[in-house]
Amino acid sequence: MAPASMKQWSVTGSQKGFDGLEYVDAPVPKVGDNDVLVKLHASSLNYRDLIIPKGLYPFPHKFPVVPGSDGAGEVVEVGAKVTRWKKGDKVTTLFHQGHHYGPVDIPAIQTGLGGVMDGTLRQYGVFNETGLVKSPDNLSHVEASTLSCAGVTSWNALYGLKPLKPGQTVLVQGTGGVSIFALQFAKAAGAKVIATTSSKDKEETLKKLGADLVINYKENTSWGKTAKEFTNGAGVDHIIEVGGANTLEQSLNAIKFEGVISIIGFLGGPNVQSSILECLKQICTTRGVYVGSREMMEDMVAAIEVNNIHPVVDKEIFSLDKTREAYDYMSQQKHFGKLVIKID
């Protein structure tokens with residue numbers, strides 16, 4: 001039986017940055033006929049969570065809102081008409097609660113957890129039964145809590161438009177959640193992986209994860225050319241583009257004819273110097289990726305189970321009451337892989 005009240009975080013607005021985060025008491029939400037009450041055990045942060053309180057998020061959101069799109073936990077109560085779940089099931093949240101199949105559309109982006117709808121940085125959450133996916137059998141709650149945004153985004157990047165094939169080459173940028181997931185999924189598919197980083201320490205970890213070539217982008221500013229040389233001049237089939245203004249030019253230098261650059265972030269800023277006409281010169285496709293559907297997430301979960309893939313979780317795991325410190329830690333780019341908040 002769930003308690004009457006719980007602890008949760010709230011983003012109160014975009015005027016105060018992280019100071020707009022408040023840790024408050026709230027009633028445990030009630031279950032409707034088609035809803036499921038989940039005791040959340042873990043949540044993970046994404047870059048999106050850092051920019052919503054700063055007013056920089058370009059997609060629909062509202063205030064106040066419980067932050068966090070990613071969460072994993074256990075079903076503790078189900079509505080009278082629920083057929084997909086039963087008490088005790090281990091589940092993970094779907095990023096866009098209304099994106100079940102096919103391409104994302106305007107109604108679907110109005111259903112983002114932690115943006116428009118209350119998210120996962122709380123002890124309990126009520127979700128429509130269609131807004132959850134079975135957690136992988138081989139993962140803990142901590143590991144499963146990393147999948148909703150970064151995991152599905154990387155899966156969409158590799159399989160959503162032109163599916164990755166064995167023997168192809170993937171380039172991932174940095175050591176954030178999406179890039180590390182893409183590295184793991186690509187290696188499981190029999191692809192070669194090029195990874196970029198600015199850290200000597202992270203170079204070794206990327207190699208241990210299976211990267212075939214690691215390029216230090218601070219030491220080698222023309223890393224796009226180096227990546228292309230690694231493919232004997234043919235170019236890279238898939239690029240996970242997270243840097244925006246700082247990296248897109250090099251990605252265009254590295255891409256193969258008919259290759260795909262999936263833009264999933266703009267860590268280096270949104271003001272890119274390269275023209276979209278470069279896609280004609282390079283004969284490539286550049287696409288924006290906004291997470292993915294429940295169908296994609298279910299495919300990803302199946303691949304995680306079959307290949308026994310375990311998400312890379314940062315060594316620092318924060319408790320729910322220390323979420324503000326977790327925001328600072330991630331903002332300072334101290335993390336490697338996914339940053340998780342454990343929820344008691």
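## A first look at this chain

Just after helix 5, G210 takes a positive phi of about 115°. Helices (H or I, at least four residues) and strands (E, at least two) are DSSP runs, numbered from the N terminus. Welcome to a predicted model, where local features need pLDDT of at least 70, side-chain atom pairs count only at pLDDT 80 or more, and totals for chains, interfaces and linings use all residues. Residues are numbered from 1 along each chain as its sequence is written, and side-chain values use heavy atoms, with hydrogens and water left out.

**The chain as a whole**

- The secondary structure of the chain comes to 10 helices and 15 strands.
- The radius of gyration, taken over C-alpha atoms, is 20 Å, close to the 20 Å from the globule rule for 344 residues, so the chain is as compact as a globular protein of that length. That rule is 2.2 Å times the number of residues to the power 0.38.
- Along the principal axes, the C-alpha atoms fill a box of roughly 60 × 40 × 35 Å.
- Of the 344 residues, 54% are buried, meaning under 20% relative accessible area with a 1.4 Å probe, protein chains only.

**The nonpolar cores**

- A nonpolar core is a set of buried Ala, Val, Leu, Ile, Met, Phe, Trp, Tyr and Cys residues joined through side-chain atoms within 4.5 Å.
- The largest one has 47 residues, and V170, F185, I240 and M300 have the most contacts inside it.
- Elements giving two or more residues to this core are helix 3 (147-159), strand 8 (169-173), helix 4 (177-188), strand 9 (192-197) and helix 9 (294-307).
- Leaving aside neighbours within four places in sequence, F185 is in contact with G151, S154, W155, L158, Y159, M300, I304 and I309.
- Another core, of 27 residues, lies apart from the largest one, and L40, L50, V75 and L339 are among its members.

**Strand pairing**

- Strands pair if DSSP finds at least two bridges between them.
- Strand 4 (residues 70-78) pairs with strand 5 (residues 90-93) in the antiparallel sense over 3 bridges, and K90 in strand 5 is the bridge partner of E74.
- Strand 5 is also joined by 3 bridges to strand 7 (residues 132-134), and the two run antiparallel. Here T92 stands opposite V133 in strand 7.

**The start of helix 5**

- Where helix 5 (residues 200-208) begins, a side-chain oxygen of S199 reaches to within 3.3 Å of the backbone nitrogen of D201.

Definitions and conventions: Buried < 20%, exposed > 50% of the residue type's maximum accessible area, 1.4 Å probe, protein only. Contact = heavy atoms within 4.5 Å. Polar contact = N/O pair within 3.5 Å; in protein donor to acceptor, adjacent residues only side chain to side chain.
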